[in-house]
Amino acid sequence: MIEATEAKLKQVEPRTHYLNANYGIKSWLLTIDHKRIALLYLASITVFFFLGGAFALMIRLELLTPKGDIMTPDAYNKMFTMHGIVMIFFFLIPAIPAVLGNFLLPLMLGAKDLAFPKINLLSWYVYNLGAIFTLYAIIAGGVDTGWTFYTPLSVNSTSQVTPMAVGIFINGFSSILTGLNFIVTIHTMRAPGLTWFRLPLFVWAHYATSLIQILGTPVLAVTIVLLGIERIFGVGIFNASLGGDPVLFQHLFWFYSHPAVYIMILPAMGVISELIAAFSRKKIFGYSFVAFSSLAIAVYGFLVWGHHMFVSSQSVFAGMVFSFLSYFVAIPSAVKVFNWTATLFKGSISWDTPMLYAFGFIGLFIIGGMTGLYLAALGLDVHVHDTYFVVAHFHYIMVGGAVMAYLGGMHYWWPKITGRMYPEGWAKLSALLVFIGFNLTFFPQFLLGYQGMPRRYHEYADHFQVLNVMSTAGASILGVGYVLPMIYFIWSMRYGPIAKANPWPGSGLEWQTSSPPPTENFEETPTVTWDAYEFTKDNSRRYDVVKQGS
Amino acid sequence: MADSHVATHSALAHHFDNMEQQREAGSLGMWIFLLTEIMFFGGAFTAYIVYRNTPEVSEAFVLASNTLDVWLGLINTAVLICSSLTMALAVYYAQTETDSKRLQITFMILTVILGLTFLVIKGFEYADKFTHHHIPGKTYSFPAAGVLESKTQIFFTIYFALTGLHALHMIIGIVILLVIIRMAAKKRFSPEWHAPVELFGLYWHFVDIVWIFLFPLLYLLGFHLHGGAH
């Protein structure tokens, strides 16, 4: 009797976790808890995701008919520029590292926090400061140069290039600080027993990503500084009419911006490794190959920027070298795909929502990756350069890859983040809508590009209309697919069923603490005695926590 | 002041297990930050190297480079190397027993003075460029024929971008050093914990090293061809 009452009391007594540890707006804005900072990022990033999405829908709406009927060419230029800038710099690059990475890295490492909690908070403020400049640039009239800021247009353009450049410059520091924090944390704060080759592949992927962030982002920063100097003082480094070299800008720009693609996709691959392992209840096949392939992608990423410049007047020899090197990126990428597939083989697969996203990811990533090989081929690229083929290719990688993984990861770790489950039926519907909508939007664009429809035109020849209508229809389905999780996630925060500590058969340390975790992550620093993805019968409480009176 | 013999030090942050871990994290963080700085300056250095190897611009670079005052540059190089020495000594005395606190503060103040000296000399150089209309922009003029004139402007743009960014790093460094001197005066450091002094030392040496590369690239390369300034 007494025992039963005690048990009941214990149930009613509210548990302290990071969400209810303290209250008030100040406790959030001044928090140094990585989990709360992840949620702050989630809020900021979601705003930009829907802003960028709104621009995308405007673009698709304009392209519904061959004639430019809802906006001027100038407005259209600004529309696709804003879509690109917002989505790349304010959503895709920070999304998985800043939200999921921030939340999960210390948990997966058995650490109390990231190595530099205050710098972590600072990086969120820096992100928002950059966002303010960007929003100002958007409100003050927008930018019409395309997200790549190619000179000399970006030097001569009368649109809001300068505040936009400042916004991206500042935002870059946020990315650098996050990367720096992750690397130091992974090096110095692993729990006892957690050796490098026991780390979850999510951690390996973030390690590789962080390397790119700290090596690439500063180059973009100085490029933007030089661009700013050029605009403000009217001098020539990149401006050909003043003796400068516009191609130099492209070299410097792509030295960052090609690796930036891997900032978007590597964390996504990390998420997928976690999902595949958890929902097939198997150790990832060839663990160390998958781990090292992340590093290989990070390294190769810095050697292939010239494949963006095949038609830029760079020498044919340089083009051949970059073409050759670009093929190499396919090797580590294929290693990952093959290893995931091998992991699935004879696995006990369960079809929960995160797994649906993982499957979606693999399919879309294969299409995106294979078309990447087309584009790496020097001769073929000259044919499809700056057509919708390219647009479709990078959307398959960046949206089909990064966004699918982001959504899959959000579903997978949602119970850990909020302590609540989401409605499974709705979630499956949204995963399906995203997959169908995505393919309907972007597959026709491969055909359009192959037939020669150029990107960035706001009018097009009549015979392209059927495929464009399909694409726009797909975009609206995709839009619904994105709005749905937004609604049911918010709903579940209040009404969702209470989640267990380990609602999936997760094997990582993050599932070994309660949902949501306490502020210090673990009641005791865990000692790890098992390898990554070693699944036991129920995976609850793997490490020894029974240490009375300590 | 701080009880050095107890395992939990007053400077130990909540999320670290021990001082050793905290020290490792701080120092690795600083090295990685400096790595990002190398890449940051690297972009501008790349621009310099590219133009230096472009035939026509290369010629203009030699012309423009020869208007710089090599002696001021040389003095500044010496000043910076001395400041690196004083900073290294400050770190050394921070690591040793606490009665060397005054020496530690003295050397940090010397570092500030040397840093300011560098900036003042740099200011004179900038003023000279200003009076000769060598500041890139609308009022720019350079005594060179035709297309070479516009190409010399590229040199000065890169010169001001690189030395300007370098000077900015020095200004930030001096401000941080003043804060650290204040902390030292308040006896916040001990041989067990002096991470800010040590990490700042790394930063300061880095800023010096950037100048060590800037000086030959901007001032000396091509200097011998024309035999002197002005």
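Tutor: A search of the whole structure, which is a predicted model, turns up 72 aromatic pairs over all chains.

Student: How are the rings of A:Trp351 and A:Phe359 arranged?

Tutor: Their centres are 4.8 Å apart and their planes meet at 40 degrees, so the pair A:Trp351 and A:Phe359 is tilted. A:Trp351 has a relative accessibility of 46% and counts as partly exposed, and A:Phe359, at 31%, counts as partly exposed as well.

Student: And what about B:Phe189 and B:Trp193, how far apart are their centres?

Tutor: The centres of B:Phe189 and B:Trp193 lie 5.7 Å apart, and because their planes are at 45 degrees this pair is tilted.

Student: Are B:Phe189 and B:Trp193 buried or exposed?

Tutor: Both B:Phe189 and B:Trp193 are buried.

Student: Which residue lies over the face of A:Trp28?

Tutor: That is A:Arg36, which lies at 4.2 Å from the ring centre of A:Trp28.

Student: Changing topic, where does A:Gly236 lie?

Tutor: A:Gly236 is in the loop between helix 8 (201-233) and helix 9 (246-280) of chain A, and with 1% relative accessibility it counts as buried.

Student: What is A:Gly236 in contact with, leaving aside its neighbours within four places in sequence?

Tutor: With those neighbours left aside, A:Gly236 is in contact with A:Glu230, A:Leu242 and A:Gly244, and also with B:Ile154. The C-alpha atom of A:Gly236 is separated by 9.7 Å from that of A:Pro152, although the two residues are 84 residues apart along the chain.

Student: What sort of peptide bond joins A:Thr151 and A:Pro152?

Tutor: It is a cis peptide bond, with omega about 0 degrees, and A:Pro152 lies in the loop between helix 5 (117-139) and helix 6 (153-156) of chain A. The bond from A:Ser515 to A:Pro516 is also cis, with omega near -15 degrees, and A:Pro516 lies in the segment after helix 16 (465-495) of chain A.

Student: Back to helix 9 of chain A, at what angle does it pack with helix 12 of chain A?

Tutor: Helix 9 and helix 12 (residues 353-376) of chain A pack at about 130 degrees, with their axes 9 Å apart, and the two helices are therefore oblique to each other. The crossing of helix 9 past helix 12 in chain A is left-handed.

Student: Which residues meet there?

Tutor: Among them are A:Ile265, A:Ala268 and A:Phe279 in helix 9 of chain A, and A:Pro354, A:Phe361 and A:Phe365 in helix 12 of chain A.

Conventions. Residues are numbered from 1 along each chain as its sequence is written. Chains are lettered from A and ligands numbered from 1 in the order in which they are written. This is a predicted model: local features need pLDDT of at least 70, side-chain atom pairs count only at pLDDT 80 or more; totals for chains, interfaces and linings use all residues. Side-chain values use heavy atoms; hydrogens and water are left out. Rings of Phe, Tyr and Trp (its six-membered ring) pair if their centres lie within 6.5 Å; planes under 30 degrees apart count as stacked, over 60 as edge-to-face and the rest as tilted. Buried means under 20% relative accessible area, exposed over 50%, partly exposed in between (1.4 Å probe, protein chains only). A charge sits over a ring if NZ of Lys or CZ of Arg is within 6 Å of the ring centre and within 35 degrees of the ring normal. Helices (H or I, at least four residues) and strands (E, at least two) are DSSP runs, numbered from the N terminus. Contact means heavy atoms within 4.5 Å. Axes are lines fitted to C-alpha atoms, for helices over the stretch in contact, and angles run from 0 to 180 degrees between N-to-C directions. Angles under 35 degrees count as roughly parallel, over 145 as roughly antiparallel, 65 to 115 as roughly perpendicular and the rest as oblique. A crossing is left-handed if the near helix is turned anticlockwise from the far one by less than a right angle, and right-handed if clockwise.
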